[in-house]
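Welcome, and please open your viewer. This tour goes from stop to stop, telling you what to select next and what is there.

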Amino acid sequence: MQGYNVIMIYNKELDRLLMCRRLKDPYKGLSNLVGGKIESGETGMEAAYRELFEETGISRKDVHLHHIMDFKYYLQHCYVEVYAGKLQHDVPVSGDENELYWSDLNQDFFDMTRYAGEGNIGHMLEQVKLSGILTDPTLTVN
């Protein structure tokens, strides 16, 4: 099975989420989270930090990622690992793969006419909120 990752990056105030507008299929024109393919020989966490840096310029020194959940898609022969992190300081983001922007959190992330992933983005955000992982420094998940 091919592995992929999606990465939820929150600003340090936890009131904005880094998104990208897809420039190609699948989901061309829709907003999505950053992420990509897990390469052979890489751990999921290594791939998440690599993809994050390649797509946004955000590095390990800027954010601590937490492995939140996984999705398995048996019919498509792939799985998706989901990571979340809060920036430790302001970081300028840049990338040429997709258009990057900061979204406020008062959106309907379940709206499939605006967001990729068949409602998964909304589900992932709710899980992060319920877990408290980004607001409680005593919680750790890797």
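Begin with the lining of the second largest pocket, whose residues divide into 9 nonpolar, 4 polar and 2 charged. Here Ala, Val, Leu, Ile, Met, Phe, Trp, Tyr, Cys and Pro count as nonpolar, Asp, Glu, Lys and Arg as charged, and the others, Gly among them, as polar. Select Tyr10, Leu105, Leu125, Val128 and Lys129: of the 15 lining residues, these lie nearest the centre of the second largest pocket. Helix H2 gives the most to this lining, with 5 residues, and about 290 Å³ of space lies in the second largest pocket.

A word on terms before you move on. On a 1 Å grid over the protein atoms alone, a cavity is a set of points where a 1.4 Å probe fits but cannot get out, while a pocket is an open set with protein on both sides within 12 Å along at least five of seven lines; lining residues have an atom within 4 Å of a point. Grid points are joined across faces, edges and corners, and a volume is the space filled by probe spheres set on the points. Helices (H or I, at least four residues) and strands (E, at least two) are DSSP runs, numbered from the N terminus.

This is a predicted model, in which local features need pLDDT of at least 70 and side-chain atom pairs count only at pLDDT 80 or more, while totals for chains, interfaces and linings use all residues. Residues are numbered from 1 along each chain as its sequence is written, and side-chain values use heavy atoms, with hydrogens and water left out.

Now zoom out to the whole chain. It has 2 helices and 7 strands, and from the N terminus on the elements run β-β-β-β-α-β-β-β-α. Of its 142 residues, 46% count as buried (under 20% relative accessible area; exposed is over 50%, partly exposed in between, with a 1.4 Å probe and protein chains only).

Next, go to the largest pocket, which holds about 690 Å³ of space. Select Tyr4, Val6, Tyr27, Asn32 and Val80, the closest to its centre of the 29 residues that line the largest pocket. Which strand gives the most to this lining? Strand E4 does, with 4 residues. By class, the lining of the largest pocket has 14 nonpolar, 8 polar and 7 charged residues.

Select asparagine 5, in strand E1 (residues 2–10). Is asparagine 5 buried or exposed? Asparagine 5 is buried, with a relative accessible area of 3%.

Leaving aside residues up to four places away in sequence, phenylalanine 71 touches several others, including Cys78, Val82, His123 and Met124.

Finish with some backbone details in the loops. Proline 26, in the loop between strand E2 (16–21) and strand E3 (31–32), is joined to aspartate 25 by a cis peptide bond, with omega about 0°. Leucine 14 is not a glycine, yet has a positive phi of about 60°; look for leucine 14 in the loop between E1 and E2. Histidine 77, in the loop between E5 and E6, has a positive phi of about 55° although it is not a glycine, and histidine 77 is exposed, with a relative accessible area of 56%.

Conventions. Contact means heavy atoms within 4.5 Å.
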